[in-house]
Amino acid sequence: MPTQADVMEKIVALCRRRGFIFGSSEIYGGIGGFWDYGPLGTELKRNIKDAWWNDCVRNPPPGPNGIEYQMVGVDCSIIMNPKVWEASGHVGGFKDPMISCRQERCKKLFRADKLFIIGFYDQADIDDAEPVIEEAQGIATRDRQEANTLIQSLPHSHIPRFMKTLEADTPEDAVSQVPFDSLSHSVRRQFRGNPCPACWRLDRPLPPSWPPARCPICGGELTEARAFNLMFETHAGALQDSSSKVYLRPETAQGIFVNFPNVVKTSRVRLPFGIAQIGKAFRNEINPRNYTFRSREFEQYEIEFFCHPSEAAMWYEYWRDLRHKWYVDLGLRSDKLRLRDHEANELAHYAESCADVEYDFPFGLSELEGIANRTDFDLKAHIEKSGKDLSYFDDQRKERYVPYVIEPSGGVDRSVLAFITEAYTMDEDRASPEFMNFHPRLAPIKAAVFPLVAKDGLPEIAEPVYREIKKHVPCQYEAKQSIGKRYARMDEAGTPFCFTVDGQTKEDDTLTVRDRNDASQIRIDKSRCVEYLRDRLGL
Ligand code: GAP
């Protein structure tokens, strides 16, 4: 039974082998946190963005109680006046706690809030030990010796037998990474029979000594945590001083907020309505990880939906449920998806409510999209900073007000990774043991046409069939290699149907259609290929 790490490794290998995703600038050794999409990945990503634009902007379903609403798009610049980021709070507050290894040869950087110390105990009931350990953690910031004495006062069975600092998103993920093989036999036996991991999330600043947080890579000593702003800086113009400092946008949302009055004035939108944008965003993540999941350059699809404050709760629920359903409709299995409402203590200071759509990746449950009721926070912040009036006159209500905003904000690259992960299927019993079970709307190539052999007049029949199909859907033609290899390549690309012209085609004008998922084959008339695809793909 392959582990989750094995599955992830196979997915990464297939993506590389088949040209879905490459590391950026690979010939120079790559660059952490940046990725390139190859031919298949580019088509897949485009299909995802097109599906989003169509389903959310061009043809959204009716609102709650059948209310009609308008959606329009914008495409804003990546570099904006830096005052935008002062008003939005990003200059002051878009920071992660960074910590680094002191060892000269390592010097690796970590996010302090993503390091966990895992301890394992001899027995399950450590309730009475935990307060002592917590106290020791507090004391350790002042006096390591005193902290150690306190720990030694615990009954032997309550002293952690094994401790390790691990990098992870959650304590559960950290526990799942524990390298069992490195544990002594007795600790392993006790852990297996009596699984009681205790973990502490390290608060900022990290306690400098006991429990001794060590570098997860080399075991070296770590520095104190310090705040690190995630925005990439550059300069606009020839002068490279503080007056020309600008930022690469860390989210697309602010371009929408500052254009709110432009859109209201120039298009015929009336509240409630939404402005959507798809575009690149940049964050200088301290530790990009989990393949493309946390990158430094990525794409977002964001909607800012403007409504009357009294209707914000209703629209929040509408968008939260709609966005969750969108992922299910495009093939993410609902038991792998979770719609998680944030606890009150998790909410950002500007958000009245927030929920995350999370997907169960091989590296754990992780966020694909957040849906938040951002109240009037952003528009008011820009009113204050710019001195411009961003309020809205509602001629139905005869009222002027600053609208509330519901924001569904998703990551395109995270969706690509989720759809790839979901599509990846292994079946050792078939000739092509790996195939990508993409939803027909997302499949990069919808059909392939093969002559069984590249002679005997078969290519002359197959080529016109291919040319007809590609007028309607993305299609590929391939005449070389054994038919089994050609099917396997298309299975790995996730192509739903392959049409093969063989000797019988010359006699009765039929060809075979092979189904990617079960490898079954039927014969149809060669003139019916497009119609067949329309029916089966639902396009
Ligand atoms: N305007 C709100 C906003 O930007 P966010 O939760 O910081 O909210 C929204 O980001 C989405 O952008 C996330 O749900 C995620 O899908 C994507 N995202 C954020 N940081 C990312 C990163 N480093 N790499 C890839 N995607 C990222």
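Which residues surrounding the ligand are the closest? They are E251, S295, E302, E367 and L368, out of 20 residues that surround the ligand; a residue is near the ligand if one of its heavy atoms lies within 4 Å of it.

Before going on, a word about what you're looking at. This is a predicted model, in which local features need pLDDT of at least 70 and side-chain atom pairs count only at pLDDT 80 or more, while totals for chains, interfaces and linings use all residues. Residues are numbered from 1 along each chain as its sequence is written, and side-chain values use heavy atoms, with hydrogens and water left out.

Let's stay with the ligand. E251 places a polar side-chain atom 2.7 Å from a nitrogen atom of the ligand. For E367, an N or O atom of the side chain sits 2.5 Å from an oxygen atom of the ligand. On its own the ligand would expose 560 Å², and the protein buries 88% of that (areas by the Shrake-Rupley method with a 1.4 Å probe).

What is the shell around the ligand made of? It divides into 10 charged, 6 polar and 4 nonpolar residues. Here Asp, Glu, Lys and Arg count as charged, Ala, Val, Leu, Ile, Met, Phe, Trp, Tyr, Cys and Pro as nonpolar, and the others, Gly among them, as polar. Strands β13 (297-307), β16 (364-375) and β19 (404-411) each put at least two residues into this shell, and β16 gives the largest share, with 5 residues. Strands (E, at least two residues) and helices (H or I, at least four) are DSSP runs numbered from the N terminus.

Now for the greasy part. In soluble globular proteins, nonpolar side chains tend to be buried together. In this model the largest nonpolar core has 64 residues, and F20, W52, F305, W319, Y327, I406 and I420 touch the most other members. Such a core is a set of buried Ala, Val, Leu, Ile, Met, Phe, Trp, Tyr and Cys residues joined through side-chain atoms within 4.5 Å. Helix α11 (residues 312-329) supplies the largest share of this core, 8 residues. The core lies between domain 1 (4-92 + 233-422) and domain 3 (430-537), because both give residues to it; the bounds come from an automatic or database domain assignment.

D55, in helix α2, counts as buried because its relative accessibility is 17%; buried means under 20%, exposed over 50%, and partly exposed in between (1.4 Å probe, protein chains only). The C-alpha atoms of D55 and W326 are 8.3 Å apart, although 271 residues separate them along the chain. G92 belongs to helix α4 (residues 90-93) and is exposed at 55% relative accessibility. From G92 to N229 is 137 residues in sequence but 8.3 Å in space, C-alpha to C-alpha.

Finally, a few backbone details. L271 and P272 are joined by a cis peptide bond, with omega about -5 degrees, and P272 falls in the loop between α10 (260-266) and β12 (273-282). N65 is not a glycine, yet its phi is positive, near 55 degrees. N65 sits in the loop between α2 (39-58) and β3 (70-73) and is exposed at 73%. K398, also not a glycine, has a positive phi of about 55 degrees; its loop runs between β17 (392-394) and β18 (399-401).

Notes: A polar contact is a pair of N or O atoms within 3.5 Å; within protein, one must be able to donate a hydrogen and the other to accept it, and residues adjacent in sequence count only if both atoms are side-chain atoms.
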